[in-house]
Amino acid sequence: MPSADYSRKIPSVDSLLRSEVVKKLLQMGARREFVVSAIRVYLDSIRTNSEIAFSQQTILEHVTELVRSELLKDSTSRTSRVINATGIILHTNLGRAPLAEAAIDRVVTAASACNLEYDLNAGQRGERGLLACRLLERLTGAEGAVVVNNCAAATWLALQTLSKGRECVVSRSQLVEIGGSYRLPDIAESAGIRLREVGTTNRTYLADYEQNIGDSTGALLRIHRSNFVLSGYVHEPKIEELARLGTKYEIPVIDDLGSGCLYDLSEYSVSEPMVAESLKAGADLVLFSGDKLFGGPQCGIILGKMNHIQALKANPICRALRVCKLTLAALEATLELHLAGNAFAEIPTLQMLSASYEQLHSRCKKIIAAIHSKVMKDCVSIVDLESHAGGGTLPGATFKSAGIRFQVASPQDFANRLRMRRLPIVGRIADRDFLMDLRSVSEDDDSEIIACLNET
Ligand SMILES: *Cc1c(COP(=O)(O)O)cnc(C)c1O
């Protein structure tokens, strides 16, 4: 036991809290409870161990250090912009699709009081999301549209509304896991649907669906294999065939496209089912994510025939899945770009996807030419890379890309330094080198990379 004399010298929590040092910590944004607990823990350790020589000053130094490291943790988890130099265009950890400038502006506008559900013409209550739905219909030819939180919510809502308590017929080759805990069988189960799995892993015929249609069939479901490829001895009916079958038996067909591709991307050696084609083929409901190839905010877009869209809107759960005004604003502005024919020029995801190898190579050259430091110049070179769409889209597709290779003593330290900057740059490490792939970097950010490489 420490002597009474020793114990008496230990300052009280209150007196420490009144000190100038603590006042400063609180001004810096430290939480009072955290400071109090840091003080208590340290005073306890002094009380039980008389070996520690202390003074008010050493106690406060110790507490300050604890609090500062906690504040640093907060500041690095605060949402901040990053430069994505990983080469993965739709990087799920980095927020998937970066928004177009017009969409960002619209989000800022909507952040204030706005006409979300107010008709400025009539001066009375208006319909929420009206313009976004109208633009979606115009862009895709759909009869109606509903926007929910993400494609997982879209799938859940479509299944639950159209076939709750009934069966949904689906091919064994399409029971996908998207990642981040999305597994189709789990979604179906939680929506109260029994999945009737038909066909085999590699081959499913239209007859497999037809033979399994019965009194309890609620829907036929097709799911796009967004994140893996099945090749070799494979077969699946086309969406047209499924739609015809659905019409014959008066059973709705749901097409979960996932990535929401609006354009023919064969020029980039990519073949992806297209939204308008699926609708034209007769799918009753077509679902996709807003933040994949569509290039907009996170949301789930449901398009399709009016009777089903109305049924979705009438489902009380629809209210719980609805998106906020910021999402609607970003969606609206992104749709305007698609409709104006400016998508490949102004939507970052499509810009990045369509950038040529030559363009990326010449950007690398410009960046390297702008490096001042000889030490840095000596460790960089241009390297050919293969980038991916990412985010559960375009599985197997690679895009020939160009990037900068840094042959540094410790690529890990280099990566850390870039991540801890005011504007973090995230690249990747391969074969003991640090790589920046320019395909996923907006050209506007090249100057920031140059500035970074000229920092000492
Ligand atoms: C990505 C994807 C989903 C999930 O979409 P989120 O918007 O991430 O919820 C569902 N189905 C398919 C086919 C997908 O590709």
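Helices here are DSSP runs of H or I with at least four residues, strands are E runs of at least two, and both are numbered from the N terminus. By that count, the protein chain has 21 helices and 17 strands. Keep in mind that this is a predicted model.

**Whole chain**

Start with everything selected. The C-alpha trace spans about 90 × 55 × 55 Å along its principal axes. The chain holds 456 residues, and 48% of them are buried. Now colour by charge. There are 52 positive and 54 negative charges, and their mean positions lie 4 Å apart.

**Stop 1: Val36**

Select Val36, in helix α4, residues 32-47. Its relative accessible area is 15%, so Val36 counts as buried. Show its contacts, leaving out residues up to four places away in sequence. Val36 then touches Val13 and Leu17. Next, draw a distance from Val36 to Thr201. The two are 165 residues apart along the chain, and their C-alpha atoms are separated by 60 Å.

**Stop 2: Ser226**

Move to Ser226, in the loop between β9 (217-223) and α11 (239-249). Which residues does Ser226 contact, beyond its neighbours within four places in sequence? Select Leu257 and Gly258, then Gly392, Thr393, Leu394 and Pro395.

**Stop 3: salt bridges**

A search of the whole structure finds 25 salt bridges.

Begin with Arg172 and Glu197. Their closest N and O atoms are 3.7 Å apart. This pair links distant parts of the chain, 25 residues apart: Arg172 sits in the loop between β5 (167-171) and β6 (177-179), and Glu197 in strand β8, residues 194-198. Arg172 is partly exposed, at 40% relative accessibility. Glu197 is also partly exposed, at 35%.

Next, select Arg363 and Asp446. Here the closest N and O atoms of the salt bridge are 2.8 Å apart. Arg363 lies in helix α18 (residues 357-369) and Asp446 in helix α21, so the bridge ties together parts 83 residues apart in sequence. Arg363 is buried, with a relative accessible area of 8%. Asp446 is buried too, at 9%.

Then take Arg421 and Glu455. The closest N and O atoms of this salt bridge are 2.6 Å apart. Arg421 is in the loop between α20 (411-419) and β15 (425-426), while Glu455 is in the segment after α21, so the pair ties together parts 34 residues apart in sequence. How accessible are the two ends? Arg421 counts as buried, at 10% relative accessibility. Glu455 is partly exposed, at 33%.

Finish with the network. Select Glu117, Arg125, Arg128 and Arg322, which are linked by salt bridges.

**Stop 4: a negative patch**

Return to the surface view. Which residues gather in a patch of negative charge? Select Glu101, Asp105, Glu346, Glu443 and Asp444. Centre on Asp444, in the loop between β17 (433-437) and α21 (446-453). Asp444 is exposed, with a relative accessible area of 61%.

**Stop 5: positive phi**

Switch to backbone torsions. Most residues other than glycine have a negative phi. Asp431 has a positive phi, near 50°. Arg432 has a positive phi as well, near 65°. Asp431 lies in the loop between β16 (428-430) and β17, and Arg432 lies in the loop between β16 and β17 too. Are these side chains buried or exposed? Asp431 counts as exposed, at 75% relative accessibility. Arg432 is exposed, with a relative accessible area of 57%.

Definitions and conventions: Residues are numbered from 1 along each chain as its sequence is written. This is a predicted model: local features need pLDDT of at least 70, side-chain atom pairs count only at pLDDT 80 or more; totals for chains, interfaces and linings use all residues. Side-chain values use heavy atoms; hydrogens and water are left out. Patches are made of residues with over 30% relative accessible area and no salt bridge: like charges are joined within 9 Å, nonpolar side chains (Val, Leu, Ile, Met, Phe, Trp, Tyr) within 5 Å. Accessible areas come from the Shrake-Rupley method with a 1.4 Å probe; for residues, only the protein chains shown count as cover. A salt bridge is a side-chain nitrogen of Lys or Arg within 4 Å of a carboxyl oxygen of Asp or Glu. Lys and Arg count as positive and Asp and Glu as negative; His and the chain ends are not counted. The place of a charge is taken as NZ of Lys, CZ of Arg, CG of Asp or CD of Glu. Buried means under 20% relative accessible area, exposed over 50%, partly exposed in between (1.4 Å probe, protein chains only). Contact means heavy atoms within 4.5 Å.
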